[in-house]
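Hello,

Here is the structure I promised to pass on to you. Have a look at it first, and then read my notes below.

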Amino acid sequence: MPERSLTLMAVHAHPDDEATSTGGVLARYAAEGVTTVLVTCTDGRCGDGPGGVKPGDPGHDPAAVVAMRRAELEVSCAALKVTHLETLGYADSGMMGWPTNQVPGSFWTTPVDEAADRLADLIRQYRPDVVVTYDENGFYGHPDHIQAHRITMAAVAKTDVPAKVYWTTVPRTMFVEFGRIMQELGVEWAEPDEPGPELGLPDDEISTWVDTSSYSSQKFDALAAHASQTENIFFLQLGRERFAELMGLETFVRVRDTTDAPVPEDDLFAGLR
Ligand SMILES: [Zn+2]
């Protein structure tokens, strides 16, 4: 019987998050023969609509947004050669404080245990060796990202399946560099309105640095698949070449490990192959 291939599961909040924070590792590990499973928790209905219509504005039709974003997600998965796409179908909760947070069926109002049970079923089905999600702040405080973190950690505890669990992060030094380059390129760079929790981590707190530079073009294509969402446009404005120079590294914090692989490490599967 052929040996079962290694499996990576990425748990994300919205269609497009797979591309922005894990596009490189999804593409790289698929190319290395790893089975890749993407779990997208919400339907993205609070995103921009066709023609750039903003949520809450006249003409923003959530059902049309959901259909458009589902189609974009499939194009992105094809670009990244994701082996299995699973969607949990919760309603996008919108940004923190929006009335959509409290809409029945929103991901934010779904009990963690209930959603974690569904994710645990997927973990038992696919038996991922490595699971990737966000940190406890959902990286930047979006309720659906926080909820994705919560259900993932609960599902991991319920199943005890993955050998390694990671949270996505960005080195603070990279933020500074990125802001400088955006300014230099004259790209409009949306600074958060209010200073939120500090984003990213100091370099010495990052356990895992994965070189994804050979897969930057696939990551760019995956982001381009989600070009309807304004937050992706500034990445695309970089152009393919500059994007490749800047975005060829994805970084993580290892929060569960049964392999004893030494850190820092340069491979999510270190200790497993
Ligand atoms: Zn998101």
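Please keep in mind that this is a predicted model. Let me begin with helix H2, which covers residues 62-80. Its 19 residues span 26 Å from the first C-alpha to the last, close to the 27 Å expected at 1.5 Å a residue. Its buried residues are Val65, Met68, Arg69, Glu72, Leu73, Ser76, Cys77, Ala79 and Leu80. And what covers them? The cover includes helix H1 (17-31), strand E2 (35-42), strand E3 (84-90) and helix H6 (216-225). After H2 comes Lys81, which has a positive phi near 55 degrees.

Next, the sheet. It is open, with mixed pairing, and its seven strands follow the order E3-E2-E1-E4-E5-E7-E6. E3 and strand E6 (208-211) are the edge strands; each has a single partner, so one side of each lacks a neighbour in the sheet. From one strand to the next, the twist averages 25 degrees.

E1 runs parallel to E2, with six bridges joining the two, and parallel to strand E4 (residues 130-133), with three bridges. Ala10 has a bridge partner in each of these strands: Leu38 in E2 and Val132 in E4. His12 is partnered with Thr40 in E2. Together with H1, the strands E1 and E2 make a right-handed β-α-β unit.

Is E1 enclosed or open to the outside? Six of its six residues are buried, so E1 is largely enclosed by the rest of the structure. Both of its faces are covered, with Thr7, Met9 and Val11 buried on one side and Leu8, Ala10 and His12 buried on the other.

Some of these residues turn up again in the largest nonpolar core, which has 55 residues. Leu8, Met9, Val11, Leu26 and Leu119 touch the most other members. Helix H3 gives the most to this core, with six residues. Beyond its neighbours within four places in sequence, Val11 is in contact with Val39, Cys41, Leu119, Val131, Thr133, Ala148 and Thr152.

Finally, take a look at Trp98, in the loop between E3 and helix H3 (112-126). Trp98 is partly exposed, with 17 other C-beta atoms within 10 Å. Trp98 and Cys46 are 52 residues apart in sequence, yet their C-alpha atoms are 10.0 Å apart in space.

Enjoy exploring it!

Best wishes

Key: Residues numbered from 1 in each chain as written. Predicted model: local features only at pLDDT ≥ 70, side-chain atom pairs only at ≥ 80, totals over all residues. Helix = DSSP H or I, 4+ residues; strand = E, 2+ residues; numbered from the N terminus. Expected span 1.5 Å × (residues − 1). Buried ≥ 20, exposed ≤ 12 C-beta atoms within 10 Å, placed from the backbone. Contact = placed C-beta atoms within 7 Å. Pairing = 2+ DSSP bridges. Axes fitted to C-alpha atoms, helices over the stretch in contact; angles between N-to-C directions. Core = buried A, V, L, I, M, F, W, Y, C linked by C-beta atoms within 7 Å. Right-handed = clockwise from strand over helix to strand, strands pointing away.
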